[in-house]
Amino acid sequence: MPSPSSAHWLSLVGSIWLQTINGPNADFPVYSSQLKDLKHISQVQLNFLAFASDAGKLFGWFSGVAALYLPLWLVAFIGAAFGLVGYGVQYLFLDSAGLRYWHLFLLTSLAGNGICWINTVCYLLCIRNFGSSSRVAVSLATSYLGLSAKVYTSLADSIPGLANSKAKTYLLLNAVVPMLVTVLVAPSLRVVDLKSAASTDAAFLVMFAITLATGACAVVGSIGSTSNGLSSREHMVSLGVLLATPILIPLALRIRESLNKIWDTKRENRIHDLGSDEADTIDRVVTIDVAADVESKEGDGVTEKPQEEVGGLRLLRKPDFWLYFFSYMFSGTLGLVFLNNLGQIAESRRLAQTSTLVSLSSSFGFFGRLLPSFMDYYSAKSGYSISRTASMASLMAPMSGAFFLLLNPGDFFLYLSTAVIGTCTGAITSVAVSATSELFGTKNFGVNHNVVVSNIPVGSLCFGYFAAFLYQRGARGSHRCIGAACYQETFVVWGATCAVGTLLCAVLYARSRGFAGRLQAAAVRSPCLARLANLVGGNKAPEVSDLRA
């Protein structure tokens, strides 16, 4: 089977760098309180601004359509341009009375839509350039999206004089950084045919090591900044070096490919004098071997049922889509709403270092997004495949418990729950990329996944408005609400909602064909969900001996 070459790995490195900076909305909690004061808006209005970034995803499917007709580098440029305009105009006119609230809403929506365009490019590159390893590549690339908030907060802390206020500093970074990185990686954003026969397993292992080191650096920087006064500039330099290190992998593969070409040329020169009779003999032997191989494969009697490709209105008519849509909304989207409200939650509990809490959630979100890539890599090496919907269901249960832990007013439980929710949210959003293609096929993936993630603005509006309403009611006419009671009822409802999402995802897992027997590891290692599949789907679960046959 062909393996990814240096060109494929260069596209993966480009996708990783794009994902690292493609979460400018993740730093919103850091400056939201200052923005609230500058523009004299209420908590409900502030929540609608957080929703505005997600509202842009309602039109994210345009990027999937554009990717069918435009080169991927141009699609990425369009997304970066949307962010440049959306955040750039806010930066230039934030202090002006002429910048109205509805201007902020529309500009934030435009920037949020730009995120979808860049995400679509990264997903398609990983899926098309890595073949059977696409799941691992997608999980690796999307894991770096969890570092976005950490990167932006580190940049803002290391360049304190960048603007005259915290809000303007972040708006400037959000506008400029994605465009600069897009210009840098544009030449690598192309689909390349798989031709190389050399194995790149070692490259994946090296990439895992680099990624783990990067995540460890992010966590140490988040915790160390408060415990031992770690310099923000020194931390940013070390993080930047680790983020640049993956470029060594395509460089090393390129050197290996050049050496292989030299060796192949020398080998051809040595055997050029072979006689025609010997060549005919070799041809006959090869032909016999290939024919025998084909016959042996046909004799196995194992035929894999082709995956169903679903798109357009058919997608909306499938019950599995709606189970998937709402289970995602009640888990991953709910986690994103919690992270958007971290600034106000920290303020209500009189926690001064909001940026530290946001960096912590970002760092653990990174590890959460990375977890599926480890599972995919090692399960593929062992010959098994793990159901994505099963993974999502198993991640939702601890997330629900974390919301109930937040009922304790202690700072320790706030940090612990933030880490758990950040990890589970990151893992769910990463797994969902592969779950979409697993459930509905890869042919219409660009459009299908953007339709699925339209649950994010819907959930952001519903859950965010609910939290803002209870917050405003607790403030009793004041501009701020102080105390653990401000979000107590919210956490109870969010925890119960996440529990419902867990149940919906378990039902989806039971209904999916992958669970019924195609995904061996899921059936072998999840006996409880296997029994649930029998009840819901009416299918007989395959025996372990049958699976291994």
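Student: How many helices and how many strands does the secondary structure of the chain come to?

Tutor: Please note at the outset that this is a predicted model. The chain comes to 26 helices and 0 strands. Of its 549 residues, 53% count as buried. Among contacts with a separation of 6 or more, 84% join residues 24 or more positions apart.

Student: How should I describe helices α2 and α9, and at what angle do their axes cross?

Tutor: Two packed helices are described by the angle between their axes and the distance between the axes. Here, the axes of helix α2 (residues 28-38) and helix α9 (residues 166-185) cross at roughly 120° and come within 8 Å. That angle makes α2 oblique to α9. The crossing of α2 past α9 is left-handed.

Student: Which residues make the contact between α2 and α9?

Tutor: From α2 come V30, Y31, Q34 and L38, while α9 supplies K166, A167, Y170, L171 and N174. Sorted by class, this contact has 6 nonpolar, 2 polar and 1 charged residues. The spacing of such residues can be understood from a general rule. An α-helix has 3.6 residues a turn, so residues three or four places apart point the same way.

Student: Which residues have the most contacts inside the largest nonpolar core?

Tutor: In soluble globular proteins, nonpolar side chains tend to be buried together. In this model, the largest nonpolar core has 127 residues, and those with the most contacts inside it are W9, Y324, F338, F403 and W494. Helix α6 (residues 101-129) gives the most to this core, with 12 residues. To follow one case, consider F338: leaving out residues up to four places away in sequence, F338 touches I345, F403, L406, T418, I421, F491 and W494.

Student: Is S417 buried or exposed?

Tutor: S417 counts as buried because its relative accessibility is 0%. This residue belongs to helix α19 (residues 411-440). Apart from neighbours within four places in sequence, S417 is in contact with A402, L405 and L406.

Student: How many residues of helix α7 are buried?

Tutor: Helix α7 (residues 134-143) has 9 of its 10 residues buried, so it is largely enclosed by the rest of the structure. The buried residues of α7 are S134, V136, A137, V138, S139, L140, A141, T142 and S143.

Student: What separates the C-alpha atoms of L242 and A213?

Tutor: L242 and A213 are 29 residues apart along the chain, and their C-alpha atoms are separated by 7.5 Å. L242 is located in helix α11 (residues 232-244). Not counting residues up to four places away in sequence, L242 touches I210, A213, T214 and C217.

Student: What is the phi of H40, and what is the phi of R350?

Tutor: Most residues other than glycine have a negative phi, and most peptide bonds are trans. H40 is not a glycine, yet it has a positive phi of about 55°. Likewise, R350 has a positive phi of about 60° although it is not a glycine.

Student: Where do H40 and R350 lie?

Tutor: H40 lies in the loop between α2 and α3 (43-55), and R350 in the loop between α16 (342-348) and α17 (354-381). H40 is exposed, with a relative accessible area of 69%. R350 also counts as exposed, at 67% relative accessibility.

Conventions:
Residues numbered from 1 in each chain as written. Predicted model: local features only at pLDDT ≥ 70, side-chain atom pairs only at ≥ 80, totals over all residues. Heavy atoms only, no water. Axes fitted to C-alpha atoms, helices over the stretch in contact; angles between N-to-C directions. Helix = DSSP H or I, 4+ residues; strand = E, 2+ residues; numbered from the N terminus. Parallel < 35°, antiparallel > 145°, perpendicular 65-115°, else oblique. Left-handed = near helix turned anticlockwise from the far one by under 90°. Contact = heavy atoms within 4.5 Å. Nonpolar A, V, L, I, M, F, W, Y, C, P; charged D, E, K, R; others polar. Buried < 20%, exposed > 50% of the residue type's maximum accessible area, 1.4 Å probe, protein only. Core = buried A, V, L, I, M, F, W, Y, C linked by side-chain atoms within 4.5 Å.
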